[in-house]
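Here are some friendly notes to read alongside the model. I have kept them as numbered points so that you can check each one as you go.

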Amino acid sequence: MHDIRRIRENPSSFDCAMGSRGVAPVASVILDMDARRREVVSNLQLMQSRRNEIASLVAVAKQNCGDMTELEREAADLKRMTPLLEKKAETLTSQLKDFLSAIPNVPRPDVPLGANEMANVCQRIIGEVPQFDFSPKPHYEIGETLGMIDFASAVKISGSRFTILRQQIARLERALKNFMLDTHTNEFGYEEVCVPFLVNRECMYGTGQLPKFAEDSFSTMDGRWLIPTSEVPLTNLVRDMIIAVSRLPMRMTAYSACFRSEAGAAGRDTRGMIRNHQFSKVELVSVVHPSNGEEELERMTHAAEAILQRLELPYRVMLLSSGDMGFSAEKTYDLEVWIPSENKYREISSCSLCGQFQARRMGARYKDDSEKGFVSTLNGSGLAIGRTIVAILENYQLVNGKVMVPEVLVPYMDGLRELGESG
RNA sequence: GGACAGAUGGCCGAGCGGUUGAUGGCACCGGUCUUGAAAACCGGCAAGGGUGUUCCCCUUCGCGAGUUCGAAUCUCGCUCUGUCCGCCA
């Protein structure tokens, strides 16, 4: 959600920012709606003011047995008129809100301009891409050959875009979850949180999934939503709160299953577990004073990178262009891990600074003796576990079809060093 | 699912239909006192909005309707929380 005052002050820069995200100019429409709304609201307030005045005059007149016929006549008029104006003000206000709530965040000045991922800027490349003296297999072949990824059963049980993990790869999923949570809590100061996977619509609105992207998520018959990421419950923990500055920054991490309809992805990544309706993820969320947003984004990105570094997976960090960012973000770094079978890097984490955009939707504020305002929120994957399994299977694969276990995970795997070994 | 009870400011907790946006307490901030601190005393302390800016106005007592000149207060519906029963991982 945008600060309407900011748009009033500088409509052309707002339109310019929207242009960089591929949104047509809207400032004049917004300001027009805003002006009409305020005119009605002002008139309404005058009427309400007079109504309150009459009410207290009546109280006095009653005590003094004064004449009230004139007051009663005016009161009757107001009583007829006020609801009409109230209705009008309500309509205009909700129209403006509906319109504003479907407009994406404004990119930060240091975000590269561009229409899509072609304009993303590589920040750094970390780790050596592995060299194979055989043709590296895709993860789904490796997993099926090992008998530890069962796509056929997944189709029977749930349909396409689901995956069933078995035995040592199921264990690997659990190991990764624990390794990631341990690292973020013990080393980076994140509070471990265990969140619901079903949330109400206020949560989905607060973080920006609703109203515009309803078709990307699943909803239940009783009006709840399956979380597309635990960013939703974690960030909404501060909804409608006024937080003392001394409690900032708040840093939280949670494991969750994530559910996505992938409505717009027909035909993309149909094989394997790159793009599923359900996947596991450990998420990072920070709530900070607005002046600390950029600094926190760097910190969060490094926390996510630490996981890739310790797993010794090669990756690169991309600064997303204005056209490639998510709805609520004003600056985003993607971490992309090397996928040997595709001979390219693929997204495994997305770390975004949302500034005050989500906080304004949620009513998440901070307060101090000297200042108050909306907090800034950040979220990042630390990391997507499904894609981490893909990366490990492919980067650590051996010519005999087995897969090395990354050193750091061995303790989490009960000492197992190779997937496919009897352990 | 059934039966009760409740929902008021950062928290606790008052509130005969008429200066109650709301007594009081706690917390917090400022001051007096003190070598310093504590205690005591004094003062301050909700949020959002308005073509108003030393001041004023409007809205908000879970949410939504209704009664009334006037609703935190009365009526109805909804939601949520608590307790007991049933069911259940």
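This is a predicted model: local features need pLDDT of at least 70, side-chain atom pairs count only at pLDDT 80 or more; totals for chains, interfaces and linings use all residues.

1. The largest share comes from α3, which gives 13 residues. In total, 19 residues surround RNA strand B, and the closest are Q48, S49, A55, V58 and A59. By type, the residues of this surface divide into seven nonpolar, five polar and seven charged.

2. Stepping back to the whole chain, chain A has 12 helices and 15 strands. Its C-alpha atoms fill a box of roughly 100 × 45 × 40 Å along the principal axes. Of the 423 residues in chain A, 37% count as buried. Among the contacts between residues at least 6 apart in sequence, 72% join residues at least 24 apart.

3. Next, the nonpolar cores. The largest one has 79 residues, and the members touching the most other members are A304, L335, V337, V375, L383 and I389. L335 makes a handy example: leaving out residues up to four places away in sequence, L335 touches A304, E305, L308, Y315, V317, I348 and S349. There is also a second, separate core of five residues, including I7, F14, A17 and V106.

4. One helix pair deserves a look. Helix α5 (residues 139–146) packs against helix α12 (residues 385–395) at an angle of about 80°, with the axes 9 Å apart. Angles of 65 to 115 degrees count as roughly perpendicular, so α5 is roughly perpendicular to α12. On the α5 side the contact involves H139, I142 and G143, which meet V390, L393 and E394 in α12. The residues of this contact divide into three nonpolar, two polar and one charged.

5. Finally, is E283 buried or exposed? E283 sits in strand β7 (residues 278–288). A residue is buried if 20 or more other C-beta atoms lie within 10 Å of its own; E283 has 30 within that distance, so E283 is buried. Not counting residues up to four places away in sequence, E283 touches T229, S230, E231, L234, T253, A254, S256, N379, S381 and G382. E283 and A384 are 101 residues apart in sequence, yet their C-alpha atoms are 8.1 Å apart in space.

Methods:
Residues are numbered from 1 along each chain as its sequence is written. Chains are lettered from A and ligands numbered from 1 in the order in which they are written. Axes are lines fitted to C-alpha atoms, for helices over the stretch in contact, and angles run from 0 to 180 degrees between N-to-C directions. Helices (H or I, at least four residues) and strands (E, at least two) are DSSP runs, numbered from the N terminus. Angles under 35 degrees count as roughly parallel, over 145 as roughly antiparallel, 65 to 115 as roughly perpendicular and the rest as oblique. Two residues are in contact if their C-beta atoms, placed from the backbone, lie within 7 Å. Ala, Val, Leu, Ile, Met, Phe, Trp, Tyr, Cys and Pro count as nonpolar, Asp, Glu, Lys and Arg as charged, and the others, Gly among them, as polar. A nonpolar core is a set of buried Ala, Val, Leu, Ile, Met, Phe, Trp, Tyr and Cys residues joined through C-beta atoms within 7 Å. A residue is buried if 20 or more other C-beta atoms lie within 10 Å of its own, exposed if 12 or fewer, and partly exposed in between; C-beta atoms are placed from the backbone. A residue is near a molecule or strand if its C-beta atom, placed from the backbone, lies within 6 Å of it.
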